[in-house]
Amino acid sequence: MLVLQILIDGFAISTLYALGALGFTLIFGVSGVLNLAHGGLLVVSAMIAYYVGTRLGLGAYIGAGAGILAGIVTAMATYLLIVRPIQRSRVIPARERELFVLTGTLLWGVMLQEMLSYIFTDTPITVKPLLPGIVDFLGVTTPANEFITAAISWVVLGCLWLLVNRTKMGKQLLAASINPRGLTLLGFELSRIYLLVWIIYGVLAGIAGILLGSFLGTSSEFIPALTGSAFSIVVLGGLGSVSGTLFAAYVIGYIETLTAYLVSPSLRNVPALVLLILVLYIRPQGLLGRR
Amino acid sequence: MKKFFSSKPFILTIGTLAIASLLPFGVSDYILGVLTTAFYFAVFSMSWDLLFGYAGEVNFGPTFLIGLGAYGAGMADSLLNLPVPVCILIGALAAVIGGVALAIPALRLTGPYLGLITLVAVLLLQQVIVIFAGVTGGEIGLSMPDVLSVNSAPNYEYALAFMTVSGAILFAISRSNFGLILQAAGQDPIAARALGFNITKHKIAAFAISALFSGLSGALLVFYLGTASVNAVVDIAIGVRVIIAAVLGGRRTIIGGAIGAIFLIVAGEILRPLGQLSTLVVAIMALIVIMVSPDGLLGMLRARRTT
């Protein structure tokens with residue numbers, strides 16, 4: 001019974017991790033930006049979904065819609081207010097832009113955290129689940145929300161795969177990640193593509209944030225830890241590799257669940273951290289990364 | 001060398017430090033307390049700048065080294081009851097060992113990968129402190145039987161003297177041949193190696209020096225505060241402040257780290273009436289400064305002088 005429970009819980013949490021880290025890897029793969037305010041995007045969406053859905057009493061679905069919208073708005077703000085001005089700045093030397101994007105998004109994450117804790121306080125809240133109640137699955141009682149979370153995550157992941165591999169737009173995104181200059185020479189507007197990627201990123205972060213908020217709860221104080229988790233999963237899988245991110249999310253998700261059930265919940269993230277150090281040391285490009 | 005000692009920035013620095021050392025005769029204990037913390041932070045940022053600005057090592061976890069120094073000293077005091085100076089040395093030693101341990105992956109990894117390792121090091125340290133709560137005090141913190149001094153004036157003078165000496169040493173290192181080789185290794189390791197410099201040795205030394213000062217400062221800070229807690233010396237938020245201070249003050253200057261740290265902490269105190277919003281305002285100011293003047297506050301001063 002315990003085995004089944006670990007399998008189910010591990011699956012749900014891993015899928016959620018995959019979705020949460022996917023936007024981070026996408027934005028790095030296409031535009032080379034490591035967004036250290038990533039956790040901020042997740043929590044903003046969850047908070048807005050909670051506010052609209054529970055506080056204003058408009059229900060889980062309208063709340064989720066508002067949350068996704070908030071994710072898009074925050075992603076656009078991150079790009080237009082922080083990342084693009086730094087990338088286009090004339091005073092910042094080109095060699096050091098990466099560092100300034102890191103510092104800028106780091107500061108932006110701090111700002112998001114402070115704004116959220118000012119408006120909503122930092123008491124942890126839980127977003128209303130889309131599907132309340134519990135399900136009895138082969139003798140294991142599990143919240144229905146856990147299944148819905150895993151299902152939605154996989155649908156979103158599938159949609160993203162279709163978008164990237166089967167549409168013209170997706171081809172442009174891929175091309176932008178491989179050779180931006182070549183794409184510009186072929187007459188495509190690179191800035192339009194970047195804008196598009198940030199919108200997709202906002203949608204992904206929005207959905208991930210809402211699901212995380214209904215599954216594990218959320219608070220402005222979680223922002224740095226969420227950024228850290230996404231960063232770890234993405235680097236473990238290999239920066240910029242989508243399949244690597246999925247794989248790493250399942251590795252970390254299951255290791256954490258196993259530790260929580262078999263050893264102690266308080267040690268939950270220790271083995272994953274140790275594994276991360278080992279992998280980085282033996283295989284710096286990550287599990288499935290390309291150099 | 002003679003020219004340096006009669007240069008305008010040098011005289012300005014000495015003048016500022018002289019005025020600062022006289023402050024205890026004129027201002028309240030509260031202001032002295034704020035500045036004391038700021039001075040220790042200044043050393044954190046200056047040590048970080050040696051590693052990042054010169055050696056080009058992306059260290060997202062300055063609090064790993066600071067925390068080792070702080071907890072090394074704190075545990076030596078609370079568990080072994082050693083005299084204070086010995087405790088501080090033990091803390092510094094713990095930090096140097098940690099620094100060399102961090103240098104090993106740094107020889108193989110660069111950029112975001114090293115950044116993540118340093119970040120993970122902080123998270124692991126945090127976990128270890130919580131797991132071994134029996135000896136470390138866990139999440140509540142470790143209270144120390146001894147403090148540097150109970151009065152704010154001596155505490156302030158200790159911190160000022162420590163910052164001045166550390167700053168002078170770090171600045172001298174950065175301007176020495178050693179500093180130049182570090183800079184070369186950071187910007188183009190292959191070329192530096194081709195010129196016959198032992199990059200490995202220099203990088204490990206840079207980590208050890210940075211760790212030494214971070215650890216000393218962390219140890220002194222907990223002896224000033226009277227407690228060592230995760231929130232005060234290990235938390236990632238503290239590390240973020242150290243990094244922001246160094247970038248805000250001006251990278252690759254050493255002194256910029258001190259200016260940035262003091263600016264951040266003093267600005268945070270002045271804005272305290274705004275309550276929760278003070279951190280937000282400080283973050284916005286820092287963002288504007290780095291966007292307008294990438295060389296930070298020190299860069300702004302320099303630009304004004306040349307135009």
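In what order do the elements of chain A run from the N terminus on? They run α-α-α-α-β-β-α-α-α-α-α-α-α, where helices (H or I, at least four residues) and strands (E, at least two) are DSSP runs, numbered from the N terminus. This is a predicted model, in which local features need pLDDT of at least 70 and side-chain atom pairs count only at pLDDT 80 or more, while totals for chains, interfaces and linings use all residues. Residues are numbered from 1 along each chain as its sequence is written, and chains are lettered from A and ligands numbered from 1 in the order in which they are written.

**The two chains**

- Chain A has 11 helices and two strands.
- Chain A has a radius of gyration of 19 Å, close to the 19 Å that the globule rule gives for 291 residues, so it is as compact as a globular protein of that length. The radius is taken over C-alpha atoms, and the rule is 2.2 Å times the number of residues to the power 0.38.
- Along the principal axes, the C-alpha atoms of chain A fill a box of roughly 60 × 50 × 35 Å.
- In chain B you can find 16 helices and two strands.
- For the 307 residues of chain B the globule rule gives 19 Å, and the radius of gyration is close to that at 19 Å, so chain B is as compact as a globular protein of that length.
- The box for the C-alpha atoms of chain B, again along the principal axes, is roughly 50 × 45 × 40 Å.

**Buried residues and contacts**

- Buried residues make up 51% of the 291 residues in chain A. A residue is buried if 20 or more other C-beta atoms lie within 10 Å of its own, exposed if 12 or fewer, and partly exposed in between, with C-beta atoms placed from the backbone.
- In chain B, buried residues make up 51% of the 307 residues.
- Among contacts in chain A between residues at least 6 apart in sequence, 74% join residues at least 24 apart. Two residues are in contact if their C-beta atoms, placed from the backbone, lie within 7 Å.
- For chain B, 76% of the contacts between residues at least 6 apart in sequence join residues at least 24 apart.

**The nonpolar core**

- The largest nonpolar core has 198 residues. Such a core is a set of buried Ala, Val, Leu, Ile, Met, Phe, Trp, Tyr and Cys residues joined through C-beta atoms within 7 Å.
- Helix H3 (residues 29–54) of chain B gives the largest share of this core, 16 residues.
- The residues with the most contacts inside the core are A:Val197, B:Ala42, B:Ala219, B:Val222 and B:Ala261.
- Leaving aside neighbours within four places in sequence, B:Ala261 is in contact with residues including B:Ala38, B:Phe41 and B:Ala42.

**Where the chains meet**

- Chain B brings 28 residues to the contact, and chain A brings 30 residues.
- On the side of chain B that touches chain A, the elements giving two or more residues are helix H5 (84–108), helix H6 (111–131), helix H13 (236–249) and helix H15 (277–292) of chain B.
- That side of chain B has 24 nonpolar, three polar and one charged residues. Here Ala, Val, Leu, Ile, Met, Phe, Trp, Tyr, Cys and Pro count as nonpolar, Asp, Glu, Lys and Arg as charged, and the others, Gly among them, as polar.

**A pair of packed helices**

- The axes of helix H4 (residues 62–80) of chain B and H6(B) come within 9 Å and cross at roughly 30°. Axes are lines fitted to C-alpha atoms, for helices over the stretch in contact, and angles run from 0 to 180 degrees between N-to-C directions.
- H4(B) and H6(B) are therefore roughly parallel to each other. Angles under 35 degrees count as roughly parallel, over 145 as roughly antiparallel, 65 to 115 as roughly perpendicular and the rest as oblique.
- B:Thr63, B:Phe64, B:Gly67 and B:Tyr71 in H4(B) meet residues of H6(B), among them B:Thr118 and B:Ala121.

**Residues to look up**

- A:Trp108 lies in helix H4 (residues 97–120) of chain A and is buried, with 24 other C-beta atoms within 10 Å.
- B:Asn81 lies in the loop between H4 and H5 of chain B and is exposed, with 10 other C-beta atoms within 10 Å.
- B:Asn81 has a positive phi of about 55° although it is not a glycine.
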